[in-house]
Amino acid sequence: MDDKEPQGHENRYQDHDLVSDAGDEIKGMAKQGLNHPSTKPVLTGAAVGAIAGGILPVVTWPIGLVAGAGFMLYKRLRP
């Protein structure tokens, strides 16, 4: 058996590193503020996550906020 990926499973982002892409995106959002195209969707995801965290009995709102923002940032990087 070789070290290649199984056929039929293509990794479109094989040559990119998610952590460095996220760091670049966060730096861009910090520099450009609301003018950056990712800022508004990530803030919306954070708000939705915070509301969901406030409603759910086990999850607190700060965890929901981070999870919502993280999910939307991931979706911006890997659509």
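1. The largest nonpolar core consists of 7 residues, namely Ala22, Met29, Val42, Ala46, Ala69, Leu73 and Leu77; a nonpolar core is here a set of buried Ala, Val, Leu, Ile, Met, Phe, Trp, Tyr and Cys residues joined through side-chain atoms within 4.5 Å. Buried stands for under 20% relative accessible area, exposed for over 50%, and partly exposed for what lies in between (1.4 Å probe, protein chains only). At least two residues of this core come from each of helix H1 (18-32), helix H2 (39-55) and helix H3 (61-77), and H3 gives the most, with 3 residues. Helices (H or I, at least four residues) and strands (E, at least two) are DSSP runs, numbered from the N terminus.

2. The model is a predicted one, in which local features need pLDDT of at least 70 and side-chain atom pairs count only at pLDDT 80 or more, while totals for chains, interfaces and linings use all residues. Residues are numbered from 1 along each chain as its sequence is written, and side-chain values use heavy atoms, with hydrogens and water left out.

3. Met29, one of the core residues, is in contact (heavy atoms within 4.5 Å) with His36, Ser38, Thr39 and Val42, when its neighbours within four places in sequence are left aside.

4. The axes of H1 and H3 come within 10 Å and cross at roughly 105°, where axes are lines fitted to C-alpha atoms, for helices over the stretch in contact, and angles run from 0 to 180 degrees between N-to-C directions. H1 and H3 are therefore roughly perpendicular to each other, given that angles under 35 degrees count as roughly parallel, over 145 as roughly antiparallel, 65 to 115 as roughly perpendicular and the rest as oblique. On the H1 side the contact is made by Leu18, Asp21, Ala22, Glu25 and Ile26, and on the H3 side by Leu73, Tyr74 and Leu77.

5. The whole structure contains 1 salt bridge, defined as a side-chain nitrogen of Lys or Arg within 4 Å of a carboxyl oxygen of Asp or Glu. Arg78 forms a salt bridge with Asp21, with 3.1 Å between the closest N and O atoms. The pair links distant parts of the chain, since Arg78 sits in the segment after H3 and Asp21 in helix H1, 57 residues apart. Both Arg78 and Asp21 are buried, and Arg78 counts as such because its relative accessibility is 10%.

6. Gly54 lies in helix H2 and is exposed, with a relative accessible area of 56%. Its C-alpha atom is separated by 9.6 Å from that of Leu65, 11 residues apart along the chain.
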